[in-house]
Amino acid sequence: MFRYLKPYGRYFFPALICLFITAGLSLAFPYFMGELIGGSMGRGGEVAERGSVVANINRVAITLACVLGLQAFIAYWRIRWFARAGESALADIRRETYGRLVRLPMAYFGEHRVGELSSRLSADLTLIRDTLIQTVPQIVRQTVMLAGGLIFILIASWKLTLVMLACIPAVVLLMAVFGRGIRKQSKHAQDQLADTGVIVDETLQAIANVKSFTNEPFETDRYSKAMGDYVEVTLRAARARALFVSFIIFALFGVVTFVVWYGAGMLGRGDISPTQFTQFVLFSIFVGAALGAFPDILSQIHKAEGATERVREILASDPEPAGGDADAAALRGEVAMRGVRFSYPSRPDVEILRGVDFEAAAGERIAVVGPSGAGKSTLVALLLRFYDPDAGEVLFDGRPAADYPLAALRDRMAIVPQEVLLFGGSIRENIAYGKPGATDAEIEAAAEKANAHGFITSFPDGYATLVGDRGVKLSGGQRQRVAIARAILADPAILLLDEATSSLDSESERAVQEALDALMRGRTSIIIAHRLATVREADRILVLRDGEVVESGSHEELSAEKDGVYRMLAELQFDLRSDAGAAV
Ligand SMILES: Nc1ncnc2c1ncn2[C@@H]1O[C@H](COP(=O)(O)OP(=O)(O)OP(=O)(O)O)[C@@H](O)[C@H]1O
Ligand SMILES: [Mg+2]
């Protein structure tokens, strides 16, 4: 945390100094209060002159007022500077955590749920912020009060101080023991809270599913149960804390009572003056209050520690490898896989690709067909280097993918994914995502080529139309065309189309197909499609089944293959559509 505070040292350190000053000045309060109250009673029972008493208490009151004014002034700046340093540092932590989060490998996201991750970013970091801005000043203030008060009492009576100090080791030991338990439970509580957040996130994202399956009661139950678990855990943590705090309070006020009782005896014997006694009592209360504040401070720190642990976990996770330094900009677009075997890290025992071999020359069109779950999308994910193969190699222009800088390599590819999720902004922004900084003319040209210009301009707001959360305000086919426009704008060397036209009606599909044909010219294209009509034009067709390439060749070659998988698929599809069947 302090590493992040360093850049804001010019606010943080003055604020810290101010904090020490105001805390020190707080000690003046019991001191002058003691003078004021004790002074009004006269000196140790002597009958003091009335006028001198009045003059004396006036002087003390004015001094106290000045001290309070000064304290107030410094406190104002202290709080402002502290907030400035703390909030800025926290914003940096948030930025870095987020920056790290989006750079984590895909495997990480397979193992963690989105709701949990966003909870870490918001709830955990808020906890850290509170600690930084509220607890740190508390620690300093209470420490100064404790030390100052003890010194004062020590000067007044070392015996009393020893009595007080004797109780401290026991208290500290208890704090340590309880603290561990509280910390564990508060981490547990944060985890539980994140779980409830996950449910909210997931169900709201898929609210249409929840409603259409009338699963509201089920989800409400699920949430309510998770909430119940959370409450149970927090209550358990609260019980530990309550026990701890109440014990401390009892012990502390016991000590204070004892000290005051002892001091009252000294006053009775005439060992100390009323002023000293009053100061004594006030300081004892302050010391007691300071000691009493520590359990809360400690439990807050333990909570923050639980939270930082989770944030640190993100910061410590390895980001995606940066890759080598080969020139990806000069990529011609040859793509090859050699004996690629792969299983998802989250399910290591199921091998999805089992020795895939293929080669695509620059500018070639390779279609990949095969039954659902065969591993087609996985193959695309490996080309994008979302994952690295367990065995075998992915090659670009004959060089291993790892030779190229990861970001530059991905820059040379564009994907129209199977499920298009747009960002919550305008259509224009969503298309420009393929090429940040694109001009309006470029964006419109791309939309035109993707056969999207027509439907976009039919909206009252045109390109400024907001697409809603993840693009819900657009139809599936419209979203797909926006994604195609995005890919066109990106102008990649390698084009990856994963069911790019699956959500289009035949007419739009034909129009978009033409656009894609134009787009694919001069680029290596990997086309995944269920509808074989869209892959017939490909230079080569790979039939993927159970993670293996079982057939490969042109449409004509594969159709001629007796008992071939492709032929069987083709017959099934084209028989159902007599016009296309005639074409075969
Ligand atoms: N992130 C993941 N973690 C674990 N397993 C996965 C993951 N994604 C996909 N799989 C599994 O990998 C297998 C292949 O999935 P893939 O998405 O590549 O199939 P596909 O050929 O694209 O199918 P479809 O035609 O239905 O899109 C499936 O059995 C699937 O369950
Ligand atoms: Mg798929």
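**View 1. L544 has its bridge partner in strand 10, namely V549.** This is a predicted model, where local features need pLDDT of at least 70 and side-chain atom pairs count only at pLDDT 80 or more, while totals for chains, interfaces and linings use all residues. Residues are numbered from 1 along each chain as its sequence is written, and chains are lettered from A and ligands numbered from 1 in the order in which they are written. V543 also has a partner in strand 10: E551. Strand 9 (residues 540-545) runs antiparallel to strand 10, and five bridges hold the pairing. Strands here are DSSP runs of E with at least two residues, helices are runs of H or I with at least four, and both are numbered from the N terminus. Two strands pair if DSSP finds at least two bridges between them. Two residues sit between the strands of this hairpin, where D546 takes a positive phi near 50°.

**View 2. Six strands make an open sheet in the order 6-7-8-3-9-10.** The pairing is mixed. Strand 6 (413-416) and strand 10 (548-553) are the edges, each pairing on one side only. On average, neighbouring strands are turned by 15° against each other, direction ignored. Helix 15 (residues 476-490) packs on the sheet and touches strand 6 and strand 7 (494-498). Its direction makes about 170° with that of strand 6. Axes are lines fitted to C-alpha atoms, for helices over the stretch in contact, with angles from 0 to 180 degrees between N-to-C directions. Contact between two residues takes C-beta atoms, placed from the backbone, that lie within 7 Å.

**View 3. Another open sheet has four strands in the order 2-1-4-5.** Here the pairing is antiparallel, and the edges are strand 2 (353-360) and strand 5 (399-400), each pairing on one side only. Strand 1 (residues 335-342) is joined to strand 2 by six bridges. Look for V340, whose bridge partner in strand 2 is V356. Helix 10 packs on this sheet, touching strand 1, strand 2 and strand 4 (391-396), and its direction makes about 115° with that of strand 1.

**View 4. Ligand 1 has 13 residues around it.** Y344, S372, K376, S377 and T378 come nearest; a residue is near a molecule if its C-beta atom, placed from the backbone, lies within 6 Å of it. Helix 10 (residues 376-383) gives the largest share of the shell, three residues. By class, the shell holds three nonpolar, eight polar and two charged residues. Ala, Val, Leu, Ile, Met, Phe, Trp, Tyr, Cys and Pro count as nonpolar, Asp, Glu, Lys and Arg as charged, and the others, Gly among them, as polar.

**View 5. The protein chain has 19 helices and ten strands.** Its radius of gyration is 36 Å, well over the 25 Å that the globule rule gives for 584 residues, so the chain is more spread out than a compact globule. That radius is taken over C-alpha atoms, and the rule is 2.2 Å times the number of residues to the power 0.38. Along its principal axes, the C-alpha trace spans about 125 × 50 × 50 Å.
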